[in-house]
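Work through the exercises below on charged side chains. Each task is followed by a stepwise solution.

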Amino acid sequence: MSFSYESRPIAYGGVEYSRPFLAGVENGYGANLAFGYEDWCYPSSPCGGLVDDFLKQVVETKTVEPGSGLAPVSRYSYSDPGLKEEEDYHSLVGFGRVDETTDGTDRRLVTLYDNTTEGGDPTSGDPEDPYKGKVGESRVENLGGAVYARTTMDYEDGRETDWPDGVHFIYASEITEETCAWGSCQSKRTEYAYQPNNQGGGQYGNLTMIKEYDENDQVYRTTRRWYNVRDDSDGSRPVYIVDRLQSVMLWAGGGWDLDDVAWYTIYSLSLIH
C-alpha cells in the first residue's frame with residue numbers, strides 16, 4: 001500500500017504556510033482512492049485573494065477506483081462553521097453540516113455535527129465543549145429533501161467527579177433509527193448506559209445496559225450487564241481489566257421482575273485470573 005501527498009496552502013492571521021495533504025492511496029492491486037481539496041476562508045468563502053483571517057483546506061471530492069468498472073466520485077459541501085476566537089485570529093472548530101453526494105445518483109448523505117455554533121452563526125460558544133465533533137444526526141435523502149433514512153444520536157458525559165480537568169467519557173446514550181417510504185417513517189429507539197455500580201463502582205467504559213424500544217416507543221427488551229474489575233494493587237500500582245463480564249441478564253420489557261427474565265449467563269470469577 002502506498003500513499004501520495006500534495007502541498008496546499010493554509011493561513012492563520014493572514015500569514016500563509018504550505019502543508020502536505022493526503023492526495024491518494026493505492027492498495028497495490030489496482031484499486032485507488034483519490035482526494036481533491038478546495039480552499040475555505042474566513043471571514044469570506046470562497047476565498048477572494050486577500051486572506052483576512054485564515055485559510056483552511058477541506059475535502060471537495062473523493063474518487064474510488066476499484067481497479068475495473070466505474071469510479072464513483074463523491075462531492076462534499078460544508079456549512080455552519082464553528083469558530084474559536086484566538087488572540088488575533090479565529091481557528092476552525094468544525095462544520096455543523098456536511099453534505100455528500102455521489103455523481104450519477106439522486107441521493108445525498110447529510111451529517112450534522114456538534115460544533116459549538118450558536119443559532120447558526122459562526123461563533124465559538126464553548127470551545128472546550130467535550131461534545132464537539134459528535135454526530136447529532138445523519139440522514140439519507142433525495143436531492144429534493146425527501147428523507148429515506150435517518151439516525152439521530154444523543155450523548156451523555158460519564159465523567160466522574162475525581163477525574164482531572166478536561167478528561168471526559170462521552171458516550172451515545174440514545175440512538176434513534178428511522179426508515180421512511182411513501183411519506184411515512186418507522187423508527188426504532190435504543191438507549192445505552194455505562195453505570196459505575198455495574199462495573200466495580202467506577203467508570204471503566206463498560207456498556208452496562210441496552211434498552212430497546214419498538215416502533216410504538218414501548219420497551220420490548222432490556223439487556224443488563226455486570227462486570228468484574230480486577231484490582232491487583234500492591235499499594236502503589238493498581239491494575240484494572242475492563243470488559244470482563246460477570247453476568248448478563250435479558251429481560252422482556254423494561255422492568256426488574258425476574259419472571260420476565262428471558263435468559264441469563266453467569267461467568268465464573270476464576271476466569272479473571
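**Exercise 1.** Classify E212 in this predicted model as buried or exposed, then find its salt-bridge partner.

Solution. 
- Step 1. E212 has 11% relative accessibility.
- Step 2. Buried means under 20%, so E212 counts as buried.
- Step 3. The partner is R221, with the closest N and O atoms 2.8 Å apart.
- Step 4. The cut-off for a salt bridge is within 4 Å, so the pair E212 and R221 qualifies.
- Step 5. R221 has 32% relative accessibility and therefore counts as partly exposed.

**Exercise 2.** Which residues do salt bridges with shared partners join into one network?

Solution. 
- Step 1. The network consists of R108, E137, R139, E141, R150 and E178.
- Step 2. E137 is at 15% relative accessibility, so it counts as buried.
- Step 3. R139 is at 13% and also counts as buried.

**Exercise 3.** What is the closest N and O distance between R8 and E6, and how does each residue classify, buried or partly exposed?

Solution. 
- Step 1. The closest N and O atoms of R8 and E6 are 3.7 Å apart.
- Step 2. The limit is within 4 Å, so this is a salt bridge.
- Step 3. R8, at 18% relative accessibility, counts as buried.
- Step 4. E6, at 29%, counts as partly exposed.

**Exercise 4.** How many salt bridges does the structure hold?

Solution. 
- Step 1. The count is 15.
- Step 2. Side chains of opposite charge can pair when their charged atoms come close.

Note on methods
Residues are numbered from 1 along each chain as its sequence is written. This is a predicted model: local features need pLDDT of at least 70, side-chain atom pairs count only at pLDDT 80 or more; totals for chains, interfaces and linings use all residues. Side-chain values use heavy atoms; hydrogens and water are left out. A salt bridge is a side-chain nitrogen of Lys or Arg within 4 Å of a carboxyl oxygen of Asp or Glu. Buried means under 20% relative accessible area, exposed over 50%, partly exposed in between (1.4 Å probe, protein chains only).
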